[in-house]
Amino acid sequence: TLGEFYTRTLQIIEGQKIVNQAPYNVIRHPGYLGTLLMEIGAGLAVTNWVVLVFVVVIGITSRAYRIGVEEQMLESSFGEEYKIYSDNTWKLVPFLY
């Protein structure tokens, strides 16, 4: 969905715009949600609750930090347009966060 604007590092690319088509019309960070769910699945597959707790705590903590930094960057770059978009979507999990 992001096409040429997808990067692994936090940056704004020339000509970038806010994408608000599925799944971004509901969740602002679906990629982070997908990788978090895969990590939780791997933690469950190991069948060790200590590993699962470790994976969940580290995964949620690191993503919460990155999402915060990314959203500051996007809001400073796109201003009111990003604020409106963020007011109408969920960060990671619909109806929760």
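Buried here means under 20% relative accessible area, exposed means over 50%, and partly exposed lies in between. The model is predicted. A salt bridge is counted when a side-chain nitrogen of Lys or Arg is within 4 Å of a carboxyl oxygen of Asp or Glu, and by this rule there are 3 salt bridges.

**Stop 1.** Select Glu-71 and Arg-28. Their side chains form a salt bridge, with 2.6 Å from N to O. Glu-71 sits in helix 2 (residues 49–78) and Arg-28 in the segment before helix 1 (30–45), so the pair links distant parts of the chain, 43 residues apart. Now check each partner against the solvent. Glu-71 has a relative accessible area of 11%, so it is buried. Arg-28, at 8%, is buried as well.

**Stop 2.** Because Arg-63 belongs to helix 2 and Glu-39 to helix 1, the pair ties together parts that are 24 residues apart in sequence. Arg-63 is buried at 11% relative accessibility, whereas Glu-39 is partly exposed at 30%.

**Stop 3.** Go to helix 3 (residues 80–87) and select Asp-87 and Lys-83. The N to O distance in this salt bridge is 3.1 Å. The two residues are 4 apart in the helix, so about one helical turn separates Asp-87 from Lys-83. Are these side chains buried or exposed? Asp-87 is exposed, with a relative accessible area of 51%; Lys-83 is partly exposed, at 33%.

Notes: Residues are numbered from 1 along each chain as its sequence is written. This is a predicted model: local features need pLDDT of at least 70, side-chain atom pairs count only at pLDDT 80 or more; totals for chains, interfaces and linings use all residues. Side-chain values use heavy atoms; hydrogens and water are left out. Buried means under 20% relative accessible area, exposed over 50%, partly exposed in between (1.4 Å probe, protein chains only).
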